[in-house]
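Walk through this model with me, one region at a time. Keep the sequence and the 3D view side by side.

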Amino acid sequence: MTTIANYISGKNNKNEKVLSVFLTSGFPDKNNFVELALRALEAGADMLEIGFPFSDPLADGPIIQHSSQIALENGINITKTFNFIKEIRSRTDKPLILMGYANPVLSYGIEKFAENAKSLGVNGVIIPDIPIEEYENFYNHLFDEVNTILLVTPTTSNDRIKLIDEKSSGFIYCVSVSGTTGITNQDKITSIEFVKRTRSIVKKNKMLVGFGISSVKDAQSFAPYCDGIIVGSAVIKSLMNDSSDYVKTLDLIKKLKQALV
Amino acid sequence: MSNKYNSPDVNGHFGKFGGKYVPETLITPLKELEETYFQLTKEKNFQDELNKLNKEYTGRPTPLTFADGLTKYFDKAKIYLKREDLCHTGAHKINNALGQILLAKKLGKTRIIAETGAGQHGVATATVCAKFGLKCFVYMGEVDIERQSLNVFRMKLLGAEVIPVSSGSRTLKDAANEAIRDWVTNVKDTHYIIGSVVGPHPYPMIVRDFQSVIGKETKEQIQIAEERLPDYIVACVGGGSNAIGIFYSFINTKVKLIGVEAAGYGINTNKHCATLTLGREGIFQGMKTYLLQNDEGQVSEVHSISAGLDYPGVGPEHSLFKDEVIADYYSVTDDEAIRATELLSKAEGIIPALESAHAVAYLNYLMPNTKKDEIVIVNISGRGDKDLNTIKDKLGY
């Protein structure tokens, strides 16, 4: 199977930036989630980040908090999320990434999590409350074949970006603004300056930009300075108000991808 | 082990607990905080200023009161009370708030945020912000705003803005989540004054150090009064700052340290906060620690009549103390805490905070096993004025 980095390179070589779409596992409807995921990929998503829910999502703003809450009420957990992954994996070769907080993974069993992720064809994991300080305490050799994607933020020093680049695999998740997911009041110029600075330091990995990217215009303004973009809250927000068979949401994904080609 | 006790290590770990389980955005500010803290605590000026504030503003040292009536009531060991209820603002929370506001000033921060449960930490933070002229925003769960309405008004009167939190169980943990999200967003100009020995390193260490004045004074005072150390020290544990504060000077001694958690409706129900009694290892709000959670690692909705103990986690150092048996942890119910409030009020003329009443309630279990020549110290971490509505409803007179 193609690793995440190879996949991104492949797209970049065709003068495309990748679009990574975040979906909360089992949201909005657990019965249609696999369909939603596959249609998101068809509409233009190059890869999916599937978030398994946690009761106390510290890095998330109100929109993803809300979707996590609904997912929990829908009975979604890591086991059910792996079941979704299994079905999605049987119908796509595109990269699939799991995203979520450390405690549900700890509770599920870190080794069991890594083994299942590997065997079901999960390509990477993003756990935002595991910074490099706790990396060795959490990830083990079982993650050798599942990429561990780390984040850099505007408060990350240049030296630290280098360390994170060393440890991270798959890509670097560049958070364009200090804040929680879905933040809208960002200073675009400062964000772009930061993304440029990070791009010049990151050597080993591809770099995707996320947080605060909600429109085609946002995607266009960041695209020149990275290898791809990540859209989460904007998609979740659209799904909340999308009663019509996800048409609006799929259209948003399609337009975002078109802006990156 | 206790002779060499030197936690946390350089990475903020208390054994396997503690650490910095936070989003990347907070790592640099936490490092700055740690560096500034170590730099400041070496400066004599800082210590002098804090000592002066503790003395002239808070009213330290707080007394160690011999509890004549309570001692007669149990007719066993002698009971002393450490009187943190006599601190300015009515609880031990001011010890930490004063220390941290000096840190915030050194860091050049202009905006202060805090979380609060019972409102005592919110009031303490609002107080120091008023005194030092910094803007203050306090996150508080809607449930707590309702049951601690007097403290909400006090914060407003002191010039703070109280921000209601409607997520989750609408209590202390949700207020802390929102405060952390605020900090992630406004980290440039904002210092987060955490109210207990919880959260990511260096907070559990910093808050412990600022609260350890309680135990230092207690040690001196009991030696003057009795020319020896006590046999037992009892304190309530929510996050655990008053307990660590009074325990810390005694961890290299033979004194038995007892933490009392909130059993709510009872530990056989699912409405309690007995984290160390019934929780298991988890990662929550920046720390690895004992945590009340379900089988899937979702944090439990907990309950205590005492807003200050109504928290599913606990300070990571307490988790280490439990595993290493440096302290023992028990729990008492809401009803036991209410009866203890009544007992202390009538026997000593001291109305304790409902949090502190949990420590008093544990005397019912401890005292029968003590001897007359032994000494027990109970930390009265705060006064009960804020709880009068709740107590009145329960007692019905």
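A crossover is called right-handed if, with the strands pointing away from the viewer, the path from the first strand over the helix to the second runs clockwise. Helices (H or I, at least four residues) and strands (E, at least two) are DSSP runs, numbered from the N terminus. This is a predicted model, in which local features need pLDDT of at least 70 and side-chain atom pairs count only at pLDDT 80 or more, while totals for chains, interfaces and linings use all residues. Residues are numbered from 1 along each chain as its sequence is written, chains are lettered from A and ligands numbered from 1 in the order in which they are written, and side-chain values use heavy atoms, with hydrogens and water left out.

Start in chain B. Strand E9 (residues 232-236), helix H11 (residues 241-247) and strand E10 of chain B make a right-handed β-α-β unit. Two strands pair if DSSP finds at least two bridges between them. E9(B) and E10(B) run parallel and are joined by 5 bridges. Within that pairing, Ile233(B) has Leu257(B) as its bridge partner. E10(B) also pairs with strand E13 (residues 328-333) of chain B, again in the parallel sense, over 6 bridges.

E1(B) is joined to E2(B), residues 17-21, by 2 bridges. His13(B) has Gly18(B) as its bridge partner there.

Now move to chain A. Strand E1(A), residues 18-24, is mostly covered, with 7 of its 7 residues buried. In a regular strand the side chains alternate between the two faces of the sheet. In E1(A), Val18(A), Ser20(A), Phe22(A) and Thr24(A) point one way. Leu19(A), Val21(A) and Leu23(A) point the other way.

Which strands pair with E1(A)? One is E9(A), residues 228-231, which runs parallel to E1(A) and is joined to it by 4 bridges. Ser20(A) stands opposite Ile230(A) in that strand. Another is E2(A), residues 47-51, paired in the parallel sense over 5 bridges. Thr24(A) stands opposite Gly51(A). From E1(A) the chain crosses through helix H2(A), residues 33-43, to E2(A), and this β-α-β crossover is right-handed.

Finally, turn to the interface. 36 residues of chain A are in contact (heavy atoms within 4.5 Å) with 36 residues of chain B. Buried area is the accessible area (1.4 Å probe) that two parts lose on being put together, summed over both. Between chain A and chain B this area is about 2,800 Å², and carbon and sulfur atoms give 51% of it.

The two chains share 3 salt bridges (a side-chain nitrogen of Lys or Arg within 4 Å of a carboxyl oxygen of Asp or Glu). One of them links Lys31(B) to Glu133(A), with the closest N and O atoms 3.0 Å apart. Elements giving two or more residues to the side of chain A that touches chain B include H3(A), H7(A) and H8(A). H5(A) gives the most, with 5 residues.

Methods
Buried < 20%, exposed > 50% of the residue type's maximum accessible area, 1.4 Å probe, protein only.
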